Amino acid sequence: MLEIENLHVSVAGKKILDGLSLSVPAGQVAAIMGPNGSGKSTLSYVIAGRADYDVTEGSIRLGGVDLLDKTAAERAALGLFLVFQYPLEIPGVATMTFLKAALNAQRKMRDEAEMAIPDFMKRVREAAARLNIPQDMLKRPVNLGFSGGEKKRMEILQMALLEPRFAILDELDSGLDIDALRICADGVNALRSKERSLLVITHYQRLLDYIVPDVVHVMSEGKIVRSGGPELALELEKSGYADYASEAA
Ligand SMILES: Nc1ncnc2c1ncn2[C@@H]1O[C@H](COP(=O)(O)OP(=O)(O)O)[C@@H](O)[C@H]1O
Ligand SMILES: [Mg+2]
């Protein structure tokens, strides 16, 4: 599903990803763990197509399609979705309006008709209820004044509506209390399927108690330095990243 080969990326002249290779097959839930500053968020932004990153070498393919020459919107239409570590606020745009625009923009790029409003409303209401999102939150501007937990639940709501085939969750647990974490993780787990892959980025093992990955990759200084099963996360929880990160020394 996702194939990254020998990816080298710089930001503002500083090398951040340094020959990173990663393969995530369809249906797999892969975790990336790594210390702060190892390049995890940079990786997620580069996959999603955010500007300002200078890819000097390597390739990223999704379902065989080269992503690097595609815009962020085109990548989203191909089924890519990123849950931001810090979700953006959009003053002046009601959440419901935003969700509808996001969904229809993707459908349009795929030459699909807009979803009928009653069908859309029904889907949003059902998905919101599952995530404990009150209906009145959907009338407020996107993320404006939302708590950390509310923002993350809104991201999962978007993900549930857009039904991506590849979703990246960057530090889903940051800013979440344990109840909010459980609700978000349940929402994510409900979206696990044979056709959908997830890349769960975190520096704490705790999240992986709730979203149990099939494989764990350890990232350090811009590349994957070790891969293993879920037990690798538990091992890291005990030993820390000291073996992997020179910066932590
Ligand atoms: N826009 C930027 N300009 C300069 N340095 C950046 C920029 N974005 C990220 N970095 C640097 O790249 C490194 C990796 O950052 P990041 O990808 O956020 O790591 P992580 O998510 O693993 O904590 C850090 O040293 C960070 O300071
Ligand atoms: Mg980060």
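This is a predicted model: local features need pLDDT of at least 70, side-chain atom pairs count only at pLDDT 80 or more; totals for chains, interfaces and linings use all residues.
Let me take the shell itself. Ligand 1 is surrounded by Val11, Ala12, Lys14, Ile16, Gly34, Asn36, Gly37, Ser38, Gly39, Lys40, Ser41 and Thr42, where a residue is near a molecule if its C-beta atom, placed from the backbone, lies within 6 Å of it. The elements that give two or more residues are β2 (14–24) and α1; helices (H or I, at least four residues) and strands (E, at least two) are DSSP runs, numbered from the N terminus. By class, the shell has three nonpolar, seven polar and two charged residues, with Ala, Val, Leu, Ile, Met, Phe, Trp, Tyr, Cys and Pro counted as nonpolar, Asp, Glu, Lys and Arg as charged, and the others, Gly among them, as polar.

Now the sheet. Six strands form an open sheet in the order β6-β9-β10-β3-β11-β12, with mixed pairing, two strands being paired if DSSP finds at least two bridges between them. At the edges are β6 (80–83) and β12 (223–228), each of which pairs on one side only, and the twist averages 20° from one strand to the next. Helix α1, residues 40–48, packs on this sheet and touches β3 (29–33), β6, β9, β10 and β11 (215–220), its direction making about 150° with that of β9; contact here requires C-beta atoms, placed from the backbone, within 7 Å, and angles run from 0 to 180 degrees between N-to-C directions, with axes being lines fitted to C-alpha atoms, for helices over the stretch in contact.

Within the sheet, β9 (residues 166–170) and β10 (residues 197–202) run parallel and are joined by five bridges, with alanine 167 opposite leucine 198. Strand β11 is largely enclosed by the rest of the structure, because five of its six residues are buried, that is, have 20 or more other C-beta atoms within 10 Å of their own, whereas 12 or fewer makes a residue exposed and anything in between partly exposed. On one pairing, β11 runs parallel to β3 through four bridges, and alanine 31 stands opposite valine 216. On another, five bridges join β11 to β12 in antiparallel fashion, and these strands form a hairpin with two residues between them, where glutamate 221 in the turn has a positive phi of about 45°.

Finally, the helix pair. Helix α3 (residues 95–109) packs with helix α5 (residues 148–162) at an angle of about 35°, their axes 10 Å apart. In this contact, Thr95, Leu99, Ala102, Leu103 and Gln106 of α3 meet Met154, Gln158, Leu161 and Leu162 of α5, a set that divides into six nonpolar, three polar and no charged residues. In the loop between α3 and α4 lies aspartate 111, which is exposed, since 6 other C-beta atoms are within 10 Å.

Definitions and conventions:
Residues are numbered from 1 along each chain as its sequence is written. Chains are lettered from A and ligands numbered from 1 in the order in which they are written. Two residues are in contact if their C-beta atoms, placed from the backbone, lie within 7 Å.
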